[in-house]
Amino acid sequence: MCGIIGYIGNKPATPVLVQGLRRLEYRGYDSSGVALLQDGAITRVRSVGKIDNLAEKLKGQEFSATSGIAHTRWATHGGVTEENAHPHAALGGKLVLVHNGIMENYREIKEELQKEGVECVSQTDTEVLAHLIGKYYAGNLRSAVQKALERVHGTYGIVAMHLDEPERLVAARMGSPIVVGGQEDEYYIASDATPILPYTKKVIFLADGEIADVSRNGIEICTLTNKPVEKKVEELDWDENQAQLQGFPHFMLKEIFDQPQVFQDAIRGRYDLADGTARLGGLNMNEEQMRSINRVIFIACGTASYAGMVGKYAFERLAGIPAEVDVASEFRYRDPIIDDKTLVFVISQSGETADTLAALREAKRKGAFVRGIVNVVGSTIAREAEGGTYIHAGPELAVASTKAYTNMVAVMMLYALQFGRARRVSHATGVRLLEAMREIPEKMKQILAEVDTIKAMAEKYKDYQDMLFLGRGINYPVALEGSLKLKEISYIHSEAYPGGEMKHGAIALLSPDFPVLAIMTKNSLYDKMRSNIEEVKARGAKIILVATVGDERAKELSDDVIFVPPTMELLEPLINTIALQLFAYHVAVLLGKDVDRPRNLAKSVTVE
Ligand code: F6R
């Protein structure tokens, strides 16, 4: 959600902070601000709307500051106004604070502070926290932050700065990520690694309850009770270029086109073709433990949960283990029945999704094997899972997830194969699956080459108010994902149904104004889906089909067809989903929507 960047070093801080904010834009925000320390004062500049507005305000002002903090805000407490934008100030402007997260007990503390004469000028919980730190300030910012945070209930990732201690930035984390990095005499603090990447790949991820005391001489980590903590420095394997548009008009399109490349990164070195099996070292289970598993649960939110549904099909088919998918926000409150024979895969691009993290902790508490399938290296879910695998999709900056989805599916296929080979899958089947996986990047390129056809189709359908997506079997999650992509970036209402379920209700919606997009590729359920399409046709609805190249029947049945190359049925989501990503993208662009930053959405949902 909100984003933080802080800098202390020897360069002018303003460009570092503004560039950092731009690199955080992908997380979603509605206002932004910076605080700069120079000439015996802290200057705050804040603005609602785009970072460009803030940059415009900063233009022409002479800032020589070499330290400062900055923030992109996504309104929670109080409207989108300049007063509510961060950094917030206390002690007459001598102390400033940026904060991600929610302080649950801010009302009580605000009342207490007001009785003591403090005046709040914003409606935010963050300003209350700034004043609370101010209350405890007695010449040592770290200790004031520690004392204040001991009283805070809720989540926070913060950075504070005080005029009287110009050589110091103090950061802390509870439930909302903080990353620190740097070298020699300049250091960076941020809410994720993206704004730090241009300067260093060596970073430290704070854990909950930890404080980073950062100066030009280095980073000291301690706990809220001031116990020193030894931290591992992690090396990020992300390429700085991956976080650039590279000539694409939007990150979403670039990330869709990244898929053939990053898919290879997801599977490289993780299978053995000769043995027809996968070898995912991060599983951390011996053969006996693998054989003891009698249930697999995939836990995730949104797109990651649809990737999990593909994983369910793969596990059942290859490994013969009953598998289910649970949406993390449901799982965590349902008192789920799990035991030490249950394997839980927690799937997350960001590795920070609050519900998914809470579900992971619940599964661990109940004794399950918990493994992560995560993109962001060093993220909380990656650290708290007892093993697992990075999906190597590289930075995903568009809010709508695309390449992370395909790489999650890739990794789950490998896990399903690894379990399958330990249980019941033949060598020949294993080899066939791996060979088919190796062909996927070329097939992805074939569907990407259809971009102009798909764009023309988007033009034709962009003005409809509703759309129904249909899929069956392994393509049902594809329909769900296609529908989610369309609604989240174009704001067109859409729903997804399993083909066979349509006649139990959704069919009542169909009319010439309600187009249907169905996945009818040549697989074991082809005839079943074809019957569903006949039912749709009889209701006069327009039909778009995703069909296998050469399927003449599909042309006759539909108004438009997106032809996709054939592949093994289990692997179809890796191809078919791309067609739907491109469709949603072009509809949204043609409607003039902010594709990379859709309204009301954030890239990393670190609050419940
Ligand atoms: C949709 C989308 C979201 C995320 C969901 C989980 O395009 O991006 O539905 O998939 O918020 O996020 P992660 O994977 O970071 O846990």
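**Reading strand 19 and the cysteines**

Me: How many residues of strand 19 (residues 342-348) are buried?

Reply: Buried means under 20% relative accessible area, exposed over 50%, and partly exposed in between (1.4 Å probe, protein chains only). Strand 19 has 7 of its 7 residues buried. Strands (E, at least two residues) and helices (H or I, at least four) are DSSP runs, numbered from the N terminus. The model is predicted, so local features need pLDDT of at least 70 and side-chain atom pairs 80 or more, while totals for chains, interfaces and linings use all residues. Residues are numbered from 1 along each chain as its sequence is written, and side-chain values use heavy atoms, without hydrogens or water.

Me: Which residues point which way from strand 19?

Reply: In a regular strand the side chains alternate between the two faces of the sheet. Here Thr-342, Val-344, Val-346 and Ser-348 point one way, Leu-343, Phe-345 and Ile-347 the other, and all are buried.

Me: Which strand does strand 19 pair with over 6 bridges?

Reply: Two strands pair if DSSP finds at least two bridges between them. Strand 20 (residues 369-374) pairs with strand 19 in the parallel sense over 6 bridges, and Leu-343 stands opposite Phe-369. Strand 17 (residues 295-300) is also parallel to strand 19, joined by 5 bridges, with Phe-298 partnered by Phe-345.

Me: How many disulfides are found?

Reply: A disulfide is a pair of cysteine sulfur atoms within 2.5 Å. The whole structure has 0. The sulfur of Cys-120 is too far for a bond, because the closest cysteine sulfur, in Cys-2, is 18 Å away.

Me: Is Cys-222 buried or exposed?

Reply: Cys-222 counts as buried because its relative accessibility is 2%. Cys-120, at 22%, counts as partly exposed.
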